[in-house]
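Welcome! Please take a look at the sequence and the model below, then work through the exercises with us.

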Amino acid sequence: MTTLDRYLLKRLTTAFLQTITALISIFIIIDLLTHRRNSIMDNDVPAQIVLQYYTALIPTMLNAYQLAPLALLIATLLIFGTLVQRSEYTAALAGGIGLIRIIRAPAILAISITLLMFITNETIAPAAAATTARIIEHHFHDHIEDDSIGIFWPQLQDGWKCDIRVFDRKTLKGSSVYLYSIQENQHQEIQAETIHWD
C-alpha cells in the first residue's frame with residue numbers, strides 16, 4: 001500500500017465515521033422527538049432502556065434505512081471534492097498517477113464496508129431487531145396512541161359508510177362511531193358512542 005493509498009484511506013475512513021455518526025445522531029433525535037417522546041414520558045421509561053433501544057436500533061439504521069451507503073457516498077464526495085479543490089487531484093495526475101490508481105483505496109474501503117454491512121445484517125441485526133421489538137412491546141407500548149388509530153369503511157351494504165374515530169384492533173372495540181348513507185333523495189346517519197364486534 002502506497003503513501004497515496006494510506007492518505008486517501010485515512011481521510012475517507014475519518015470522513016465516513018464522522019458522517020455515519022452524524023446521520024445516526026440525526027436519526028435518533030428525530031425519532032425520539034417525533035415517535036418515542038410521548039411513550040417515554042407516559043410510561044416513565046428509564047434512560048437506560050431508551051439508550052438500549054437506540055443502541056439495538058443501529059443495525060437497522062445502517063442496513064434497512066441505508067445510512068451506511070449514504071454516509072459512504074457523502075464521505076466520498078467530500079474527500080474527492082476536497083482533492084479537486086486543493087489541486088491534489090491535478091498534482092496526482094501530473095505525477096503520472098491515473099484515475100483508476102487514485103480510486104483503488106476508496107474502492108477497497110467501499111467493498112470492506114459492504115461486506116461488513118452484509119455480515120452485520122446476517123449476524124447482529126436479527127438479535128438487535130428482536131431486542132427493539134421486545135423493548136417496544138414492554139416499555140414503549142402506548143395504549144392511548146394505539147387506540148387513537150381510526151378506521152373508515154367507504155362501501156358497506158346499501159351504500160352505507162362507517163367512520164370510527166377510535167378503533168382498537170386487538171379488542172375489536174371502537175368509539176366515536178358515525179355511520180351514514182347519502183342517496184338521491186335521502187340522507188341517513190347513525191351516531192354511536194361505542195361499537196363492538198363479537
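**Exercise 1: The largest core**

Find the members of the largest nonpolar core that touch the most other members.

*Solution.* Of its 26 residues, Ile-20, Leu-62, Leu-67 and Phe-140 touch the most other members. A nonpolar core is a set of buried Ala, Val, Leu, Ile, Met, Phe, Trp, Tyr and Cys residues joined through side-chain atoms within 4.5 Å. Buried means under 20% relative accessible area, exposed over 50%, and partly exposed in between, with a 1.4 Å probe and protein chains only. Next, look at the helices: α1 (3–43), α2, α3 (67–85) and α6 (104–138) each supply at least two residues of this core. Helices are DSSP runs of H or I with at least four residues, numbered from the N terminus. Apart from this core lies another one, of seven residues, including Ile-151 and Phe-167.

A note on the model: it is predicted, so local features need pLDDT of at least 70 and side-chain atom pairs count only at pLDDT 80 or more, while totals for chains, interfaces and linings use all residues. Residues are numbered from 1 along each chain as its sequence is written, and side-chain values use heavy atoms, leaving out hydrogens and water.

**Exercise 2: Contacts of two residues**

List what Leu-67 touches, leaving out residues up to four places away in sequence. Then do likewise for Asn-63.

*Solution.* Contact means heavy atoms within 4.5 Å. Leu-67 touches Ile-20, Leu-23, Ile-24, Phe-27, Met-61 and Leu-62. Asn-63 sits in helix α2 (residues 47–63), and its contacts are Met-117, Thr-120 and Asn-121. Asn-63 counts as buried because its relative accessibility is 14%.

**Exercise 3: Aromatic rings**

Work out how the rings of Tyr-53 and Tyr-54 are paired.

*Solution.* Rings of Phe, Tyr and Trp (its six-membered ring) pair if their centres lie within 6.5 Å; planes under 30 degrees apart count as stacked, over 60 as edge-to-face and the rest as tilted. The structure has four aromatic pairs. Here the centres are 4.9 Å apart and the planes stand at 75°, so the pair is edge-to-face. Tyr-53 is buried at 3% relative accessibility, and Tyr-54 is buried at 4%. Finally, ring pairs join Tyr-53, Tyr-54 and Phe-140 into a cluster.
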